[in-house]
Amino acid sequence: MKTIHITHPHSFNQTDLPPTVLALGYFDGVHLGHRKVVETAKKEAETQGIACSVMTFDPHPSIVLKKDVTNVEYITPLHHKQELFEEMDIDYLYIVNFSSEFASLSPQQFVDQYIIGLNVNHVVAGFDFTFGRFGKGTMEALPELANGRFTQTTVEKFTFKNEKVSSTVIRGLIQNGEVDQLAPLLGRFYTVKGIVVDGEKRGRTIGFPTANVKTSEDYIIPKMGVYAVRLKIGSTWHNGVCNLGVKPTFHENETVPSIEVHLFDFNEDIYKKDVIVEWHKRIRSEKKFSSIDELIKQIGRDKEQAKQYFEKIDEHTCFLP
């Protein structure tokens, strides 16, 4: 996959790029609805015998369009999104810098400069995709804006249990800690990338050593609590239990949650290692215990519950819709 970063106004001539079928969208999460758009584009590209491309935007439009928004947490930050597209075997990824100038383009200007101007033969997007100033460009209006210069396919709503699969729904589930509901929407378990950093090392003193994971990008972090998780170190996944929170038994005024993962049957030094946390199931809320002994007993119960979960899970079928 070739990644091309585009800043408005771009200087590409139509002949600078190969003809492609273009999948259009923001694609946060690259969920199953998004994948349907991309797979539709890939099939059309194969039919036409040309390359398949994807166009996405960075940063999130709300940062540019809303005065009160300065930071957005993502299901898949840009680098993670790029990796998922590469896994889907896309030929070209266009990452357009979403600026106020770009947002000011009329729908016709967007079509002329970012579809015709990039040598696109066919456009694929979801039924609710909008473009141009104030989002006035729609898939219904696209044929008139195209004026015969390219064709298009509109992908209808993708649903699971009669509900639309959307980034908004997925965000809500993550924020509510309902990570066990995500796989049928994402087509995979929810993951965040990070690095193992120095922690308080208190876990080892009570028999439960933990890896303190600092997330590397602006991920949405699940609701605080205790979770059954897997941790990827190198190419290997390890089962474990994670405390995501402020450790109220030890801290009175801590407000910044930490991700601390205890792995089963594991004693390697992974300090400063890049890791991936895969969130499977929320076991309970975080709580303050009256004594260390009470905490130790509860961690033991959490560990057993997580172990039982992983003993039952069928990794080949559990996440399929």
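What percentage of the residues of the chain count as buried? With that settled, please describe the open sheet of six strands in detail: what is the order of its strands?

Reply: The model is a predicted one. Of the 321 residues in the chain, 48% count as buried. The chain holds nine helices and 16 strands, and its C-alpha atoms fill a box of roughly 75 × 40 × 35 Å along the principal axes. Among contacts with a separation of 6 or more, 75% are accounted for by residues 24 or more positions apart.

Six of the strands form the open sheet, in the order β1-β4-β3-β2-β5-β8 and with parallel pairing. The edges are taken by β1 (2-6) and β8 (151-155); each has a single partner strand, so one side of each is left without a neighbour in the sheet. On average, neighbouring strands of this sheet are turned by 20° against each other, direction ignored.

At the edge formed by β1, the pairing can be followed to individual residues. Strand β4, residues 92-97, pairs with β1 in the parallel sense over five bridges. Within β4, tyrosine 94 is the bridge partner of isoleucine 4.

Two values for the whole chain complete the setting. Its accessible surface comes to about 16,200 Å², and 47% of this belongs to carbon and sulfur atoms. The chain carries 37 positive and 42 negative charges, whose mean positions are 4 Å apart.

Definitions and conventions: Residues are numbered from 1 along each chain as its sequence is written. This is a predicted model: local features need pLDDT of at least 70, side-chain atom pairs count only at pLDDT 80 or more; totals for chains, interfaces and linings use all residues. Side-chain values use heavy atoms; hydrogens and water are left out. Two strands pair if DSSP finds at least two bridges between them. Helices (H or I, at least four residues) and strands (E, at least two) are DSSP runs, numbered from the N terminus. Axes are lines fitted to C-alpha atoms, for helices over the stretch in contact, and angles run from 0 to 180 degrees between N-to-C directions. Buried means under 20% relative accessible area, exposed over 50%, partly exposed in between (1.4 Å probe, protein chains only). Contact means heavy atoms within 4.5 Å. Accessible areas come from the Shrake-Rupley method with a 1.4 Å probe; for residues, only the protein chains shown count as cover. Lys and Arg count as positive and Asp and Glu as negative; His and the chain ends are not counted. The place of a charge is taken as NZ of Lys, CZ of Arg, CG of Asp or CD of Glu.
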